[in-house]
Amino acid sequence: MSQKTILVVEDERPIRDMLAFNLGRAGYDVEAADDGRQARSAIANRCPDVVLMDWMLPDVSGLELTRQLKRDPRTRTIPVIMVTALSDEDDRVTGLDAGADDYIVKPFSQRELLARVRAALRRGSASDDDVLTAGRLRLDAASHLVTVGEEAVSLSPTEYRLLEFFLRHPGRVYSRSQLLDSVWGGNVYVEERTVDVHIRRLRKALTPFGYDTLIRTARGAGYRFSPGKV
Ligand code: CA
């Protein structure tokens, strides 16, 4: 098994060093960030397998950072474990509502920490290796390859993410603004018309295979992916 990377986001140096030391000793490759900005750049550089997220950070709360990661299709499958001194049940629920996958309260034992990291890795790897299909159209989320039979479908990164989103959410109508939130990420400013442009490109890429009709226009409402039409 390849070495897994854990990103530790923690501004208190003694805790960060202790976490990094123990995770390193357990065989993980550890990256550390001491605020939200560093965490974002570490993630953009190299996608970690698990994020250990402190609640209170100097620039952005760990909660808000978790929300951002879970809104972005490129990062939303990364398991996030919130690490905090707050033990109140309301706070735990708030963390889970923000999209955190698990929760660990300080002080915790190293055994508990390692058990939670292992559990997060087990859950995380299932979604990474997804193969999504509609008819003969096949999207391999691990390799980012889209194929129809033996033939590769060439897509730009945005069209790829759009197709992945549709394959994961078939049958439902999504408005342009919902697609912008889910596929582009809520914190970028893009005009709604941009969605139409990328839908057009995605349909065009699928046309030679006869799969352009998978993406239906719901007049005045948005778009729907209909695998039943294959
Ligand atoms: Ca802190």
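I record helices (H or I, at least four residues) and strands (E, at least two) as DSSP runs, numbered from the N terminus. With that convention I looked up His144, which is found in the loop between strand 7 (137-140) and strand 8 (145-148). The phi of His144 is near 60°, a positive value in a residue other than glycine.

Entry: the model and its numbering. I note that this is a predicted model, in which local features need pLDDT of at least 70 and side-chain atom pairs count only at pLDDT 80 or more, while totals for chains, interfaces and linings use all residues. Residues are numbered from 1 along each chain as its sequence is written, and side-chain values use heavy atoms, with hydrogens and water left out.

Entry: domains. I found the chain divided into domain 1 (5-124) and domain 2 (131-229); such bounds come from an automatic or database domain assignment. The C-alpha centres of domain 1 and domain 2 lie 31 Å apart.

Entry: the calcium ion. Which residues coordinate the calcium ion? I listed Asp11 (OD), Asp54 (OD) and Met56 (O), at 2.1 to 2.3 Å. Along the chain, these donors follow the spacing D-x42-D-x1-M. Asp11, in the loop between strand 1 (5-9) and helix 1 (13-25), and Met56, in the loop between strand 3 (50-54) and helix 3 (62-71), are a pair that links distant parts of the chain, 45 residues apart. I counted as donors the N, O and S atoms within 2.8 Å of the metal (3.2 Å for Na, K and Ca); water is not among the atoms, so the site may look incomplete.

I then checked accessibility, where buried means under 20% relative accessible area, exposed over 50%, and partly exposed in between (1.4 Å probe, protein chains only). Asp11 is partly exposed at 30%, and Met56 is exposed at 59%.

Entry: a cis peptide bond. I noted that the bond from Lys106 to Pro107 is cis, with omega near -5°. Pro107 lies in the loop between strand 5 (102-105) and helix 5 (110-128).

Entry: salt bridges. Side chains of opposite charge can pair when their charged atoms come close. I used the definition of a side-chain nitrogen of Lys or Arg within 4 Å of a carboxyl oxygen of Asp or Glu. The structure holds 15 salt bridges, and I looked up some of them.

Asp101 and Lys70 meet through their side chains at 2.9 Å, N to O. This pair links distant parts of the chain, with Asp101 in the loop between helix 4 (89-97) and strand 5 and Lys70 in helix 3, 31 residues apart. Asp101 is partly exposed at 34%, whereas Lys70 is buried at 18%.

Glu164 forms a salt bridge with Arg168, the closest N and O atoms being 2.7 Å apart. Both residues lie in helix 6 (residues 157-168), four residues apart, about one turn of the helix. I read Glu164 as buried at 14% and Arg168 as partly exposed at 24%.

Where do Arg176 and Asp196 lie? Their closest N and O atoms are 2.7 Å apart in a salt bridge. Arg176 lies in helix 7 (residues 176-184) and Asp196 in helix 8 (residues 192-206), so the pair ties together parts 20 residues apart in sequence. Arg176 is partly exposed at 23%, and Asp196 is buried at 18%.

Finally, I recorded that Glu10, Asp54 and Lys106 are linked in a network of salt bridges.
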